[in-house]
Amino acid sequence: MGGALRRWVQALCVLQWMLTFLFLGPVSVLLLLLLLRSRFWLLAVLYGGWWLWDWDGPERGARHCDWVRNWRIWGHFCDYFPIKVIRSAPLPPGRSYLLAAHPHGIACIGVFGAFVTGGRGAGGPPELGGAWIWGGPCPGLRPSLAALAGLFRLPLYREYALAAGLCPVSQRCLDQVLGRQDQALVIMVGGAAEGAGGDPGVSPRHPAPAEGLRAPGPAPRHPPGAGVCFWGAGTPSISPPSPRARGPGACSGG
């Protein structure tokens with residue numbers, strides 16, 4: 001694939017992510033309403049009944065689908081910025097980890113590409129000993145990204161999010177996921193205020209109170225390009241987190 005064509009393909013893969021992030025929820029609701037007014041109304045009724053019955057299903061964690069997580073578009077998606085991960089220390093399997101990722105950025109593009117999709121090997125390498133051994137930045141761990149709980153109330157949209165490795169950022173879900181073995185659960189600390197207040201090369205911190213949070217000690221993560229991915233091309237890198245923000249298994253990106 002030629003250089004110009006490759007860049008067009010990469011840009012289209014990023015565009016589909018943004019269109020999905022912004023419009024898949026409303027489009028899904030509209031599609032179900034249209035189905036109700038068509039001869040396929042029974043499909044909408046059956047799905048609606050299951051959606052209500054499984055209302056709290058996302059609280060049990062992501063429903064990882066290797067087919068979705070290993071779509072080739074995620075490789076082009078990561079190459080557009082590009083997204084890469086530098087791991088300075090291992091996270092041994094055999095336990096679960098709560099990973100604090102910063103900065104939030106726009107639509108969490110950096111952490112999604114680096115830790116959740118198969119674009120950087122996080123989606124599911126070959127089987128070993130009858131069990132899935134996950135690759136990417138956390139070999140041997142199954143990565144999940146905690147997102148706003150309201151996203152998982154939208155029909156159809158939530159199925160896509162769960163299959164891609166997302167789950168609600170709620171205490172109940174955290175307890176469920178971290179209660180299992182070999183999990184790497186990523187939480188974006190600070191919230192969307194960081195995306196609105198960031199400048200090129202600057203990663204503002206807006207930590208939110210975490211009262212009542214019960215989980216293993218978080219290992220800081222720094223998603224690549226999160227603070228600069230929409231502020232022009234050619235930005236050389238993101239500054240690594242300050243020493244006081246680093247911890248075991250910390251990563252930096254560029």
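Me: Which residue has its charged end over the ring of Y97?
Reply: Happy to start there! This is a predicted model, where local features need pLDDT of at least 70, side-chain atom pairs count only at pLDDT 80 or more, and totals for chains, interfaces and linings use all residues. Residues are numbered from 1 along each chain as its sequence is written, and side-chain values use heavy atoms, leaving out hydrogens and water. A charge sits over a ring if NZ of Lys or CZ of Arg is within 6 Å of the ring centre and within 35 degrees of the ring normal. Here the charged end lies 5.0 Å from the centre of the Y97 ring, and it belongs to R95.

Me: How many aromatic pairs does the whole structure hold?
Reply: Rings of Phe, Tyr and Trp (its six-membered ring) pair if their centres lie within 6.5 Å; planes under 30 degrees apart count as stacked, over 60 as edge-to-face and the rest as tilted. A search of the whole structure gives a total of 14.

Me: What kind of pair do W51 and W55 make?
Reply: Their ring centres are 5.4 Å apart. The planes meet at 65°, so the pair is edge-to-face.

Me: Is F77 buried or exposed?
Reply: Buried means under 20% relative accessible area, exposed over 50%, and partly exposed in between (1.4 Å probe, protein chains only). F77 has 0% relative accessibility, so F77 counts as buried.

Me: Where is F21 placed?
Reply: F21 belongs to an aromatic cluster whose members include W17 and Y160. Helices (H or I, at least four residues) and strands (E, at least two) are DSSP runs, numbered from the N terminus. The one holding F21 covers residues 3–36 and is helix α1.
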